[in-house]
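Subject: Structure handover

Hi there,

Here is the structure I promised to send over. Could you load it before reading on?

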Amino acid sequence: MCVICFVKALVHVFKIYLTASYTYTFRGWPVAFRWDDVRAAGGSSSHRALTCAAAAAGVWLLRDEALGGDALGRPPRGVRSQAQCLLQQLRELPGQLASYALAHSLGRWLVYPGSVSLMTRALLPLLQQGQERLVERYHGRRAKLVACDGNEIDTMFMDRRQDPGSHGHGLRLVICCEGNAGFYEMGCLSAPLEAGYSVLGWNHPGFGGSTGVPFPQHDANAMDVVVQYALHRLHFSPAHVVVYGWSVGGFTATWATMTYPGLGALVLDATFDDLVPLALKVMPHSWKGLVVRTVREHFNLNVAEQLCCYPGPVLLLRRTQDDVVSTSGRLRPLSPGGVEGNRGNELLLRLLEHRYPAVMAPEGRAVVIRWLRAGSLAQEAAFYARYRVDEEWCLALLRSYRARCEEELEGEEAQGPHGPAFPWLVGQGLSSRRRRRLALFLARKHLKNVEATHFSPLEPEEFQLPWGL
């Protein structure tokens, strides 16, 4: 017994020694901003406000019920008897227990490997170096935020407003949402930072100095307080805030822009439409039912659904050598230019079909799918040129439709913070040839190919703001 106690004490001392200057010190920091500071100060917010009673449950998430469906395919409760409900619950209990066990063990480690303490300790020297670089070179300010669930969120802010640069990039704030193994100390924020923007980075719950565990609800709670901090403490106007999400960070990025539709723009890099196809790719086929249920109930990263709820400018960055968000083959190396299985393709199609349903009629969707198969920048340009897209005509048509809608909706709430609300019915009555050209034009404006792998750092010149009319 004494030997066991000695080993435990030794491990504990070793852990404190490793992380003393990083995590443990941060836990003693004062809180810079809380989720309820705005309400306490008499401020207002445009998103669904939380009452104190609802704080424990967390911020609002877009679930299947909100979309008019039922995740498990059950009939509505109103048409089921009490006995049927009880029997249904008893039948589902073993599956629920198995799903819960999988989600809180192997599932969480696979979806959010950066929350595993062993990885944090292995990366500790790099995290410390990255943090020192942000503070010394870019005058970063580290701050502790408290989300509505009580989790402490570790953030770093680099302010460029005093020296915005010739293009004024520093006047815009880019909120960076890292991937499932990313930390702000060494993550995706380097691209907008080196491009001259003001940047706010934050770590998922359970990553780095942030406390808690990274489930979607906790992630959304953290994102909510980060956005409020940017708007109400750092004093950036919503129109000057850009949300940048890489990989799994696309979930929190789309949640933020869905919940705060007045935010200026959204950039999604190497992300996906839904987690289910990617989870099925890496798990045994015999586990399909359990995997689908676990993802839907515990890791429902429904990026595409949230994306379609944002009315502002969007840019998708698709990496042509990305085998992480590709379902082309089960665990096979991706062939050069093999982009057909990239889930970013589905993300673009969902976005365009929601925003421009008349343009994305069968012929419009078909030509966009063929364009998405281009595995290199040269192939993409050649395909685009073959259709002789008249960009000036496309712009004139879209601007004319927008102006007509603004006249009809003048003074009405339907216009929204970014102009007339989607979907737009532009394209009705066009010939098939013109519809194809307009569909290609819109696809190229919303998606940009980057010749890189999933984990390659994005070059500063590759980070661009989305196109807008």
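Predicted model: local features only at pLDDT ≥ 70, side-chain atom pairs only at ≥ 80, totals over all residues.

Residues are numbered from 1 along each chain as its sequence is written, and side-chain values use heavy atoms, with hydrogens and water left out.

Helices (H or I, at least four residues) and strands (E, at least two) are DSSP runs, numbered from the N terminus. Strand β6 spans residues 241–246, and six of its six residues are buried; buried means under 20% relative accessible area, exposed over 50%, and partly exposed in between, using a 1.4 Å probe and protein chains only. In a regular strand, side chains alternate between the two faces of the sheet. Here V241, V243 and G245 point one way, V242, Y244 and W246 point the other way, and all are buried.

Two strands pair if DSSP finds at least two bridges between them. Strand β4 (residues 173–177) runs parallel to β6, with five bridges, and I175 has V243 as its bridge partner in β6. Strand β7 (residues 265–269) is also parallel to β6 and joined to it by five bridges; there, G245 stands opposite L268. Between β6 and β7 the chain passes through helix α7 (residues 249–259), giving a right-handed β-α-β crossover. Right-handed means that, with the strands pointing away from the viewer, the path from the first strand over the helix to the second runs clockwise.

**Salt bridges**

How many salt bridges does the structure hold? There are 15, where a salt bridge is a side-chain nitrogen of Lys or Arg within 4 Å of a carboxyl oxygen of Asp or Glu. Among them are these three:

- D159 and R161 meet at 3.0 Å, N to O. D159 is partly exposed at 29% relative accessible area, and R161 is partly exposed at 26%.
- E297 and R293 meet at 3.0 Å, N to O. Because they are four residues apart in helix α9 (residues 288–298), about one helical turn separates them. E297 is partly exposed at 35%, whereas R293 is buried at 16%.
- R402 and E406 meet at 3.0 Å, N to O. Both lie in helix α14 (residues 391–408), four residues apart, about one turn of the helix. R402 is partly exposed at 22%, and E406 is partly exposed at 28%.
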